[in-house]
Amino acid sequence: MAYRKKDTPCPVRETAPWNDVPVHRPVTCRARDYRAGTHISAHKHRRHQLVYSMSGLMVVRSEVGRWVVPSTRAIWMPAGMAHAVDCIAEVHMRSLYIEPAFAPHLPAEPFAVQVAPLLRELLQAAILIDGPHEEDSRDGRVVRLMLDELHRMDVLPLHLPEPVDPRLHRICQHIQKHPGDEATLQDWAQALAIDVKTIQRHFASELGMTFGHWRQQARLLAAMERLARGEKVIDVALAMGYESPSAFTSMFKRQLGQTPAAFFR
């Protein structure tokens, strides 16, 4: 998927959580816990960051869109990209910071990824590294193996891109606030006094997906937030516009490979 950057800069603060880390530690991992409801305002790092929640659920927003990130998943955030984080449930965060020059072939775009058991254990081991990770040492091998695992990351469909065009912005904002709304493209074309094909063309060029695909993705992410808060599947399914829990569960499993119950287990 092609990601789109807004022209207007985001008001952000620069952070450098590795300031106290010696130059011979180009990779470092930090652990921090956040209460449910915590908001981490927009900021950016000079290093790449893997934002991982061992438990809980986060919503991460950047200039190219929004992700809902449950446990066992993570967000890859390239150096210099502004992002904000909302902790929907209590979050036990593990952040891996990587000097770009140390690993020049890592991705330059943000995305959600699956955290495999091996990478999870490596992150736990990396938290305990407090000295130099020399190449021919256990710590050095942990770091190198982590980098190998990062190169194998699979992109997950947890991203919702945001439009620039004000007409699309109006549509997308409405859907995010009312995910169960069944308004069609024809309905929106009439409301905005534009041609249906114009809307379709803008969705394809700006967001890289159709109107229907974008709405389904918006519903999926909204549903994940509600399920993480403990709402029942039947209530979430109906709120998202599905006729039955089974129809909603089929969509969820088709997109994420698991039923809602298994995904949040």
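Colleague: Which residues have the most contacts inside the largest nonpolar core?

Modeller: This is a predicted model, in which local features need pLDDT of at least 70 and side-chain atom pairs count only at pLDDT 80 or more, while totals for chains, interfaces and linings use all residues. Residues are numbered from 1 along each chain as its sequence is written, and side-chain values use heavy atoms, with hydrogens and water left out. A nonpolar core is a set of buried Ala, Val, Leu, Ile, Met, Phe, Trp, Tyr and Cys residues joined through side-chain atoms within 4.5 Å, where buried means under 20% relative accessible area, exposed over 50% and partly exposed in between, with a 1.4 Å probe and protein chains only. The largest such core has 55 residues, and those with the most contacts inside it are Phe203, Trp214, Met224 and Phe248.

Colleague: Which helix gives the largest share of this core?

Modeller: Helices (H or I, at least four residues) and strands (E, at least two) are DSSP runs, numbered from the N terminus. The largest share, nine residues, comes from the helix at residues 211–228, which is H6.

Colleague: Which residues does Met224 touch, not counting those up to four places away in sequence?

Modeller: Contact here means heavy atoms within 4.5 Å. On that basis, the residues that Met224 touches are Leu57, Val68, Pro70, Leu158, Phe252, Leu256, Phe263 and Phe264.

Colleague: How many residues are in the second, separate core?

Modeller: This core includes Cys29, Leu50, Ile98 and Ala126. Ala126 is found in helix H1 and, leaving aside neighbours within four places in sequence, Ala126 is in contact with Cys29, Val142 and Met146. The number of residues in this second core is 25.

Colleague: Within what arc do the buried residues of H1 fall?

Modeller: In H1, residues 117–127, the buried residues are Leu119, Leu122, Leu123, Ala125 and Ala126. Seen down the helix axis, and taking the directions from that axis to the C-beta atoms, these residues line one face of H1, because they fall within an arc of 160°.

Colleague: Are H3 and H5 roughly parallel or roughly perpendicular to each other?

Modeller: The axes of H3 (residues 166–177) and H5 (residues 196–207) come within 10 Å and cross at roughly 85°. Angles under 35 degrees count as roughly parallel, over 145 as roughly antiparallel, 65 to 115 as roughly perpendicular and the rest as oblique. H3 and H5 are therefore roughly perpendicular.

Colleague: Is Ala193 buried or exposed?

Modeller: Ala193 lies in the loop between H4 and H5, and its phi is near 60°, a positive value in a residue other than glycine. Because its relative accessibility is 70%, Ala193 counts as exposed.

Terms used
Axes fitted to C-alpha atoms, helices over the stretch in contact; angles between N-to-C directions.
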